[in-house]
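Subject: The model, with some notes

Hello,

Here is the structure I promised to send over. Please have a look at it first, and then read my notes below.

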Protein chains: 2
Amino acid sequence: MIIQKSTNPRISTFDPDNFSFGNTFIDHMVICEYENGKWGDVKVMPYGGLPFSPAMMGVNYGQACFEGMKAYKDPNGDVFLFRPEKNFERINKSAKRLAMPEVTEEMFLDGLKALVDIDRAWIPQGEGMSLYIRPLIFATEEALKARISNKYMFAIVATPAKSYYTEPVSVLISDFYSRSANGGVGSAKAAGNYAASFYPTQLAIEQGYEQIIWTDDATHEYFEESGTMNVFVRINDTIYTPPTSEKILDGVTRDSFIQLAKKRGIEVKVEPIPVKTVIEAQKNGTLKEVWGVGTAVVTSVFQALGYKGEKLMLPSLPAEESFALALQKDLVNIQTNHAEDPFGWRVLVEKKIMETA
Amino acid sequence: MIIQKSTNPRISTFDPDNFSFGNTFIDHMVICEYENGKWGDVKVMPYGGLPFSPAMMGVNYGQACFEGMKAYKDPNGDVFLFRPEKNFERINKSAKRLAMPEVTEEMFLDGLKALVDIDRAWIPQGEGMSLYIRPLIFATEEALKARISNKYMFAIVATPAKSYYTEPVSVLISDFYSRSANGGVGSAKAAGNYAASFYPTQLAIEQGYEQIIWTDDATHEYFEESGTMNVFVRINDTIYTPPTSEKILDGVTRDSFIQLAKKRGIEVKVEPIPVKTVIEAQKNGTLKEVWGVGTAVVTSVFQALGYKGEKLMLPSLPAEESFALALQKDLVNIQTNHAEDPFGWRVLVEKKIMETA
């Protein structure tokens, strides 16, 4: 690994109480380039622009996939990653589906740790604060031919993140637009999946909703995901989430919620969720909660479901009765070293670079 | 329009008899940047790299779409575009579906003409030769948040293209993988659609096929497209092509073939094509031809269809009996100014920049 420290760090200008999530970048990034059938050296270098032409295949043919993950700083200042090996596995699944080369553990896990270590001062401390980390792979060959690229870049960039708390949102159950096809790339964190969702989401916003609950494209009779999150439904005291498939992302937060729910003795059913069942449960009062889970906000609780012109309200449970909030708390406590970690999910980021620099 | 001519042109090194299609770039490119809700100046400038960070939204969330078109040089050295207004309309349809800003006629059509004009020396002359032109729009804002970008680049880059002649290919009718979902982005020239097709195509190649005939994702019972082309089937003397929809690209070559076929008095049916019908026609000898059409190769004739483990051979028609080849010839003759243009499809690129420079 090559480490090239910034000679002009911006950390002194960073105000953890006043920053913009998503476009405040930490001082460094990781890059690694693929050419002639192999990856080159992993480099930690100052964050910034690199020369790419508009003929870059990544923006022409969309060979690009990413991961989203976080680093947390506990009250002692120790820094932890959360299940990073899951993201490492998944980026390689995405890469495979998009005919891109897989990355190595050294590139992904060691690169991640080195970046978080060198820029640990950028990780804000306190409830809900974290560093949001974006590993990605994209095609960099300059060529106007719809074929697999011969050159790629793996990169890791990161931005400080604020409290994940969000107000309950209203979501529209889709009966026309879809995010994934049978035999498509829905389960990959493919760049193109996100662009495809923006216009339908914009239409939903114009109708007074914040997000879309995606349904299967053939019949629109089954839940798939919600916005960019996996979806959970609670009917009485049982929680349901759709099984993963080539259409549904294998979310790390989803998997953690399932394990945490089982640990609490909550019944979890991983099975297809018919829209009809959810609507009926809302009508007969057995629908208790519907929520989305993902790395960025952990949990997004829904207050209403839009379906065929109707806005169906969900009960507003007291916090202590909410499974969504209980599981969120369990998860965050493990992530931030405020609770035991019986699953071995937390990974300490050791201080290496700062000391030797 | 701002014109910044290359001070270091590479045209003297270009050998029209020996170049690599797709990664030989002409001396200039067009760029135009979108920020604060509006497009800036259109610039013709030397082709090359521009600084983009790996946090660029185009490679993270896939807001990126393109067009493919060609310029042809006739024996007198006059240069023509083919139905450029169709590409202009379509890039804006793609942009809309991906929640990107539409481009203006000045950016697209005037930019195109200025680029082709300034680099007309790069257009190889002779049968099947052309300049392949790639207008594209992609998100350029640096932000790690899955939302609509606030910044974009429109660009036009181009590469000289060789003879479109290709050997007949074998194609595999897909019964698992899909390129588009109901309510998805299949009809947009979205970057992500191409990446999604590479892995299934690779698997088809490993089975001895060159391309995939994409079928509907829900049942795999109907033809959609072939590779990156629209598909045509001839049974007896009637030709069929599926209707366009949100799943099927509204191809310029497809539309031109339909009009040219009608002009020749060939019966054309724009209707869903059941796989079953094609297989039955192959078995009973009424299936005469199956071919793909697109800007890059005009026509790709198929010699065999793979379906459920069987390789079904297509008849090898003499050239004079082939509708595919007749229509291809009609089209190329119009494109290259070797025939009358009753449709008004050809657009002369006037000499402006060279003379005034």
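Let me begin with strand S10 (residues 152-161) of chain A, where 10 of its 10 residues are buried. Buried here means under 20% relative accessible area, exposed means over 50% and partly exposed is in between, with a 1.4 Å probe and protein chains only. Strands (E, at least two residues) and helices (H or I, at least four) are DSSP runs, numbered from the N terminus.

Before going on, a word on the source: this is a predicted model, in which local features need pLDDT of at least 70 and side-chain atom pairs count only at pLDDT 80 or more, while totals for chains, interfaces and linings use all residues. Residues are numbered from 1 along each chain as its sequence is written, chains are lettered from A and ligands numbered from 1 in the order in which they are written, and side-chain values use heavy atoms, with hydrogens and water left out.

Back to S10(A). In a regular strand, side chains alternate between the two faces of the sheet. Both faces of S10(A) are covered: A:Tyr152, A:Phe154, A:Ile156, A:Ala158 and A:Pro160 are buried on one side, and A:Met153, A:Ala155, A:Val157, A:Thr159 and A:Ala161 on the other. S10(A) pairs in the antiparallel sense with strand S9 (residues 130-139) of chain A over 10 bridges, and with strand S2 (residues 28-35) of chain A, also antiparallel, over five bridges. Pairing requires at least two DSSP bridges between the strands.

Two backbone angles are worth a look. Most residues other than glycine have a negative phi. A:Lys308, however, has a positive phi near 50°; it is found in the loop between strand S18 (298-307) and S19 of chain A and is exposed, with a relative accessible area of 59%. B:His220 also has a positive phi, about 55°. B:His220 is found in the loop between strand S12 (211-215) and strand S13 (223-226) of chain B, and at 13% relative accessibility it counts as buried.

Best wishes
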